[in-house]
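Please look through the protein chain shown below before reading on, and keep it in view while you work through the notes.

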Amino acid sequence: MAADNTSAFDCRTVVGTSTLSRHAPTAGRSISTPWRTPTSAGSSVDPPAGRAYTNRSDRRPGMVLSGDPVVSVFAAIGWEWGGDWSSAKDYQHFSLTGR
C-alpha cells in the first residue's frame, strides 16, 4: 500500500492475525486501491499517506464516495463497499462477501 498499487490478488494475512486476507484465497474476491481510498478506524489510517483523504467531504480526484458509479456497479453484481461499513471504514475495499 505504501507504493499506492492497486491489487486484487495479494497472498497475505490480515494485519495482526494469522488469518488469510480475503485477497489471498482466490483472485477476484476483493479489490483495493490505497492512498485516495484509505482504511480508517478512529485515529488509525492505513496507508499513512492516505490520511489527507479520510475527510470524505473534501472530494478530490481518485476518491471513491457513496453514490459514485463504481460503488453502484459493484453493488449491482452483489459486491459491498468498505465505505459503507459501520465501524472501521475501508474506502479502498470492494468485496463479494462484504468482508
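What follows is a short briefing on the fold, the ring contacts and the charged side chains of this chain.

The model is a predicted one, and its secondary structure comes to one helix and six strands. When the chain is read along the sequence, these elements follow the pattern β-β-β-α-β-β-β. Of the 99 residues in the chain, 31% are buried.

**Overall fold and surface**

- Among the contacts between residues at least 6 apart in sequence, 41% join residues that are at least 24 apart.
- The chain exposes about 5800 Å² of surface, and carbon and sulfur atoms supply 57% of that area.

- Three of the strands form an open sheet in the order 3-2-5, and their pairing is antiparallel.
- Strand 3 (44–46) and strand 5 (89–90) stand at the edges of this sheet with a single partner strand each, so one side of each is left without a neighbour in the sheet.
- Strand 2, which covers residues 39–41, pairs with strand 5 in the antiparallel sense over two bridges, and Ser40 has Lys89 in strand 5 as its bridge partner.

**A cis peptide bond**

- The peptide bond that runs from Asp46 to Pro47 is cis, with an omega angle near 0 degrees, and Pro47 itself lies in the loop between strand 3 and helix 1.

**Aromatic rings**

- The structure holds three aromatic pairs, and one of them is formed by Phe74 and Trp79, whose rings are tilted at 35 degrees between the planes and lie 5.1 Å apart, centre to centre.
- Both Phe74 and Trp79 are buried; for Phe74 the relative accessibility is 17%, and Phe74 counts as buried because the cut-off is under 20%.
- Phe74 also forms an aromatic pair with Phe94, and this pair is stacked, with 4.5 Å centre to centre and 25 degrees between the planes.
- Because Phe74 lies in helix 1 (residues 69–76) whereas Phe94 lies in strand 6 (residues 93–95), the pair ties together parts that are 20 residues apart in sequence.
- Phe94 is buried as well, with a relative accessible area of 6%, and ring pairs link Phe74, Trp79 and Phe94 into a cluster.

**Charged groups over rings**

- Arg56 lies over the face of Tyr91, at a distance of 3.9 Å from the ring centre.
- The charged end of Arg60 sits over the ring of Tyr53, and here the distance from the ring centre is 4.2 Å.

**Salt bridges**

- There are two salt bridges in the structure, and one of them joins Arg60 to Asp58, with the closest N and O atoms 3.5 Å apart.
- Arg60 counts as partly exposed at 25% relative accessibility, and Asp58 is likewise partly exposed, with a relative accessible area of 35%.
- Arg60 therefore takes part in this salt bridge while its charged end also sits over the ring of Tyr53, and its relative accessibility of 25% places Arg60 in the partly exposed class.
- In the other salt bridge, the side chains of Asp68 and Arg59 meet at 3.0 Å, N to O, and Asp68 counts as buried at 10% relative accessibility.

How values were computed: Residues numbered from 1 in each chain as written. Predicted model: local features only at pLDDT ≥ 70, side-chain atom pairs only at ≥ 80, totals over all residues. Heavy atoms only, no water. Phe/Tyr/Trp six-rings, centres within 6.5 Å; stacked < 30°, edge-to-face > 60°. Buried < 20%, exposed > 50% of the residue type's maximum accessible area, 1.4 Å probe, protein only. Helix = DSSP H or I, 4+ residues; strand = E, 2+ residues; numbered from the N terminus. Lys NZ or Arg CZ within 6 Å of the ring centre and 35° of its normal. Pairing = 2+ DSSP bridges. Contact = heavy atoms within 4.5 Å. Areas by Shrake-Rupley, 256 points an atom, 1.4 Å probe, with all protein chains shown as cover. Salt bridge = Lys/Arg side-chain N within 4 Å of Asp/Glu carboxyl O.
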